[in-house]
Amino acid sequence: VALSLQRLGAYVEILSLNPRKQRVDANVPLPLEAIDIDTSAHLAAFLRSFTLHAPQLVARFYSPRFEAALRKKLRARDFDVVQLESPFLLPYLRAIRESSRALVVLRSLNVEFRIWERLAEHEPRFLRRVALRAIARSLRRYELAQLNACDALVPITEVDANDFRALGCTRPIYVLPGGVEEQPICRRDEQANAVGFLGSLDYRPNQEAALWIAEELRPRLRRNAELHIAGSRAPEWLRARLAASGVSFAGEVADAAAFIDSMRVMLAPIHSGGGMRIKILAAMAAGKSVVATTIGAEGIDIANGENVVIADDVEAFRAAIESLLDDETRAHAIGDAAHALVATRYSTDALTRGLLAFYEELTKSGGVRGGR
């Protein structure tokens, strides 16, 4: 989105947290400053949660160094809009209000507490289920308290937008689906029996999906179907369970596009979480047939059986995968339709053009500044 805003004529700067467990060296053609932070659950985060009036999960993302850098940046330039990329950045809202007259917009990839509610719902272990429910309750209280603190909300799906309204949001809302860059279809390296899953494996819903593929789907899927799982930052316990299952685990791949191109079918068996799965859009943009749960395809304007196949239990997943492996013509037809949908509805520049118009209208009207 930032690059698209820049291409459309907006001036954009990025100030980013750079968590120790997810540290990357960003190389993007626009001003970017990254502040290192340790987001581990430690005593400092626990104590900070009381002063911030925020759950410990949120307090872990607070850094005095980041706040100082944010204040400095805001005082150096007269920004029109400050876009926060998740509710975990809401503890910096006061610093923004004190340092700038910019409108503050929360870009919400999901209703965060809903993820933890779904994780608790699917957790078989009693004590862990109790803990997940406690986290969900604390996040719910925090998100509801902050619902109208920003000047506008930009969720990723209409489902989330309606949820925010039902929860009491009265701020302007603009739905901005996830987008991907357009690309030509390339099936030169596609392997006839290859089935893949790709996602960040430090994210709980993706961990849940990877385990489901390995331990529920793999034993039921025919032997010549090759299940491949790839993703960054997989914890050791997950690596061990994947290795024991017999699936092919590639870890973090150097070229995600090449991994997707080599698959006949891509999977999105997401059973918890919210928002939109950008990796599904990436697979669709590459012309791949995708088998997903209803939750996995949430937020994408799909037509079941035409541009994506929906399956919500393991037997339906097995049947859908084997059908697509057996019928190359149908698999490619679904992939072609998926590619066409992404090109017309989920191109990054086309989506961002609407966001920029929303921001221009918001700043023109002056907005209704929360907390003022």
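**Entry 1**

I began with F88, which counts as buried at 13% relative accessibility. Buried here means under 20% relative accessible area, exposed over 50% and partly exposed in between, with a 1.4 Å probe and protein chains only. I note that this is a predicted model, in which local features need pLDDT of at least 70 and side-chain atom pairs count only at pLDDT 80 or more, while totals for chains, interfaces and linings use all residues. Residues are numbered from 1 along each chain as its sequence is written, and side-chain values use heavy atoms, with hydrogens and water left out.

I searched the whole structure for aromatic pairs and got seven. Rings of Phe, Tyr and Trp (its six-membered ring) pair if their centres lie within 6.5 Å; planes under 30 degrees apart count as stacked, over 60 as edge-to-face and the rest as tilted. F88 pairs with F61 in a tilted arrangement, at 5.0 Å centre to centre and 40 degrees between the planes. F61 is in the loop between α3 (56-59) and α4 (64-76), and F88 is in the loop between β3 (81-84) and α5 (93-99), so the pair ties together parts 27 residues apart in sequence. Helices (H or I, at least four residues) and strands (E, at least two) are DSSP runs, numbered from the N terminus.

**Entry 1: other rings**

I then looked up W212 and F317, an edge-to-face pair at 5.1 Å centre to centre with 75 degrees between the planes. W212 belongs to helix α9 (residues 204-217) and F317 to helix α13 (residues 314-326), so this contact ties together parts 105 residues apart in sequence. W212 counts as buried at 14% relative accessibility, and F317 is buried at 0%.

I also found Y62, F66 and Y92 linked into a cluster by ring pairs. R77 lies over the face of Y11, 3.7 Å from the ring centre. For that call, NZ of Lys or CZ of Arg must be within 6 Å of the ring centre and within 35 degrees of the ring normal.

**Entry 2**

The bridge partner of Q83 in β4 is V105, and that of V81 is L103.

I checked burial along β4 and found six of its six residues buried, so the strand is largely enclosed by the rest of the structure. L103, V105 and R107 point one way from β4, and V104, L106 and S108 the other.

**Entry 3: the six-stranded sheet**

I traced an open sheet of six strands in the order β8-β7-β6-β9-β10-β11, with parallel pairing. β8 (248-251) and β11 (309-310) stand at the edges with a single partner strand each, so one side of each has no neighbour in the sheet. Inside this order, four bridges join β9 (residues 265-268) to β10 (residues 289-292). L267 has V291 as its bridge partner in β10.

**Entry 4: L47**

Last, I looked up L47 in helix α2 (residues 43-52). L47 is partly exposed, with a relative accessible area of 48%.

How values were computed. Pairing = 2+ DSSP bridges.
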